[in-house]
Number of protein chains: 2
Amino acid sequence: MAAQRGEGDGVVTSPEAPADVRERARAIPEAAVARLAVYLRVLSGMVEQGVTTISSEELAGAAGVNSAKLRKDLSYIGSYGTRGVGYDVEVLVSHIERILGLTRKHSVAVVGIGNLGHALANYGGFPSRGFPVAALFDIDPDLTGVPVGGIPVNHIDDITSVCSEREVSIGVIATPPQAAQAVCDRLVSAGVQCILNFAPVVLQVPDYVEVRKVDLAVEMQILSFHVARRADEAASDVVNGIGVDGVVIRP
Amino acid sequence: MAAQRGEGDGVVTSPEAPADVRERARAIPEAAVARLAVYLRVLSGMVEQGVTTISSEELAGAAGVNSAKLRKDLSYIGSYGTRGVGYDVEVLVSHIERILGLTRKHSVAVVGIGNLGHALANYGGFPSRGFPVAALFDIDPDLTGVPVGGIPVNHIDDITSVCSEREVSIGVIATPPQAAQAVCDRLVSAGVQCILNFAPVVLQVPDYVEVRKVDLAVEMQILSFHVARRADEAASDVVNGIGVDGVVIRP
DNA sequence: TACCGCTTGTGAACGCATGCACAAAGTTGA
DNA sequence: TCAACTTTGTGCATGCGTTCACAAGCGGTA
C-alpha cells in the first residue's frame, strides 16, 4: 500500500532510464505539471481574445510565476518557441493538451451525492474541459434513479459494473470520511486508477493508483497558521519598535 | 502585487533573523504546516478512540508519511515527546492547535452562493473546526436575505461593512472566474488578509495577503496526465517486452 | 548580406525538503 | 541499581526544484 501523493511531492523517477516517451513524461516534475494546467487555462483565454503570439514574460505574468520557471516548464515538453518572438499560442495549447492527456476524454464518477457531490455533478467546468461526468453513486437507496445534473444516481453497490461499463478513469470521492476508504477500495477494484479525494481521510491505495486530495479543513488551517503568524509578527514588531503598519516607532 | 502561493512553495524567510516567536513560526516549512494539519486530524480521531499515547511510527503510518519526516515536523514546534514511549496525544493536539492558530476562532465569509457556495455554507466541517461561517455574499439581489445554511445572504456591495463588522479573517471565493478578481479586491479592501480561492483564476493581491487556491480543473488535469503517462508506459513496456501487468514477455 | 535587438532554452548554482542513521534519553524488568 | 530495550530528536547527505545569467538563435532593418 502506498500513501497518496501530497502537495509538493515530485514525480518518482524510475531507476532505469531508457530514452523514450516514458522518460520524457516521467521527467516532468509534478509541480511543473500543475503549472502547465494553469498555463493552459491562461492560453485558452488568450486564444479567445485573438492573441496569436505570447512571450514567456507575458505568459508568466498572467500565470503568476517567474518567467524563467515558465520557460523551464515549457522546455520539459519540448522547444516550441521562436527566439526573438515568443510562443505561438495555438501550438502551445495543443502541445500542453497532448502532454496532459487531454486529447482523450476522461470519464468521471462522483461518489457521495451530498452537498458537495451535488455541486460537483452540476459543475459545468468538468464536461467542458474534457471530463464528462459519466456516473453518480450514493449509498442512500432513496436517491437511486434520481437525476442530478442530468445523470441518474446509481446505488453504490453497482459501482464495479457501472464503472467498468462506462469506462470511468477518474473517481471522485465526496462521501463522509467514514465511508471514504471503503468507497476507495471499491473504485480501485472497479479498475479506477486515479482518484480525487475530498474526504478528510488519508486513503490507503495500491502503488499503481494515483490519489490527489483536496482537503478544505487543511487549507483553512494553513490560512489560520498565517493569520496567527501575522499576529505574532505584529506583536513582536510592536515590541521591537515597529508599528503595525510597518512604521518604525522607536528608531 | 504578488502572485498567490501555489502548491509546494516554501515559507518565505525574512532576511533579518531575531530569535523570537516570529522566527519560530517562520521557520516551519509550508509543507510541514500542511502535514501538521493532517496529523492534527488523525490525532483528534485517536483522542475519540481513547488513545492516550502514540509513537511516531504509528502516527506516521496513519498520516501516510515517513516517520522521520513526522518527527522532524514535530520538532519544528518543539520537543514534546518522551523517548522510549512516544507522544502524549492530548499534549500534541494542543500544541499543534496553538501553532496553527486554532485557539482563536476565524470567521469565514463565502462569496458566490452558487452550487459550490451552497455546499460550503452547509458544510459542517467548518464551524466544528473553529471556522464559523459568519457571512455569505452574492451579486444576485434575489438571493439577498435568503438564508443558506442558517445564514442570510448579503449583497456583495455590503462586503466591506459586513466583513469588518463581523471580523471576517478568511474570505472564500466561490464565484465565476470573471468576478473573482473584483471580489478579491473588495475582500482585500475590507481588510481580509487570507483568501481561499475556488475560481479558476490567478488572483493578483498585495504582498501581505495570503491566497490558497483550490482548482478542480487543475487537479483533474494532473490526474489526466498520470492516466496518459500510464498509457504511455504500458505501450512502451509492451514494446520493450513487458506486459501490462508487469510480467516480462520477452526476457 | 550583415548587423542589431529581442527572446528562448539551458547549464550551473543555490536553497529547501526529505530520508537515513545514530546518539541521547527514558522506561521496563530483574 | 543496572542493563537491555524502545523511541525520540537531529546532524548530515542526497535529490529535487527554483532562480540566475548568458549563449544561441531568429526576425527585422539598412
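Predicted model: local features only at pLDDT ≥ 70, side-chain atom pairs only at ≥ 80, totals over all residues.
Biologist: Is S224(A) buried or exposed?

Modeller: Start with its place: S224(A) sits in helix α10 of chain A, residues 216-239. Its relative accessibility is 0%. The cut-off for buried is under 20%. Therefore S224(A) counts as buried.

Biologist: How much area do chain B and chain A bury between them?

Modeller: The size of an interface is often given as the accessible area lost when the parts come together. Here the contact takes 71 residues from chain B and 71 residues from chain A. Carbon and sulfur atoms carry 65% of the buried area. The total is about 6,700 Å².

Biologist: Which three residues supply more than any other three of the area that chain B buries against chain A?

Modeller: The area in question is what chain B buries against chain A. The leading trio supplies 11% of it. Its members are M220(B), Q221(B) and F225(B).

Biologist: How far apart are the closest N and O atoms of D215(B) and R41(A)?

Modeller: Chain B and chain A share 6 salt bridges. D215(B) forms a salt bridge with R41(A). A salt bridge needs a side-chain nitrogen within 4 Å of a carboxyl oxygen. For D215(B) and R41(A), the closest N and O atoms are 2.5 Å apart.

Biologist: How many residue pairs are in polar contact across the interface of chain B and chain A?

Modeller: The rule looks for N or O atoms within 3.5 Å. Both residues must have pLDDT 80 or more. Across the interface of chain B and chain A, the rule finds 22 residue pairs.

Biologist: Which element gives the largest share of the side of chain B that touches chain A?

Modeller: Several elements of chain B give two or more residues, among them α1 (21-26), α2 (30-48), α3 (56-63) and α10 (216-239). The largest share is 19 residues. That share comes from α10(B).

Biologist: By class, how many nonpolar residues does the side of chain B that touches chain A have?

Modeller: Take the other classes before it. This side of chain B has 14 polar and 17 charged residues. The nonpolar residues number 40.

Now to the DNA.

Biologist: What part of the atoms of DNA strand C within 4 Å of the protein belongs to sugar or phosphate?

Modeller: DNA strand C is surrounded by 26 residues, and the closest are S56(A), R71(A), Y87(A), R35(B) and R83(B). Its atoms within 4 Å of the protein belong either to sugar or phosphate, or to bases. The sugar or phosphate part is 69%.

Biologist: Which element gives the most to the surface near DNA strand C?

Modeller: The surface divides into 6 nonpolar, 12 polar and 8 charged residues. The top contribution is 4 residues. These come from α4(B).

Biologist: Where does the largest share of the surface near DNA strand D come from?

Modeller: Of the 28 residues around DNA strand D, K69(A), R83(A), S56(B), R71(B) and Y87(B) come nearest. The surface divides into 7 nonpolar, 13 polar and 8 charged residues. The largest share is 4 residues, from α4(A).

Biologist: Is E167(A) buried or exposed?

Modeller: E167(A) lies in the loop between α8 (159-165) and β9 (168-173) of chain A. Its phi is near 50°, a positive value in a residue other than glycine. Its relative accessible area is 65%, and the cut-off is over 50%. So E167(A) is exposed.

Key. Residues numbered from 1 in each chain as written. Chains lettered and ligands numbered in written order. Heavy atoms only, no water. Near = heavy atom within 4 Å. Nonpolar A, V, L, I, M, F, W, Y, C, P; charged D, E, K, R; others polar. Buried < 20%, exposed > 50% of the residue type's maximum accessible area, 1.4 Å probe, protein only. Contact = heavy atoms within 4.5 Å. Buried area = accessible area lost by both parts, 1.4 Å probe. Polar contact = N/O pair within 3.5 Å; in protein donor to acceptor, adjacent residues only side chain to side chain.
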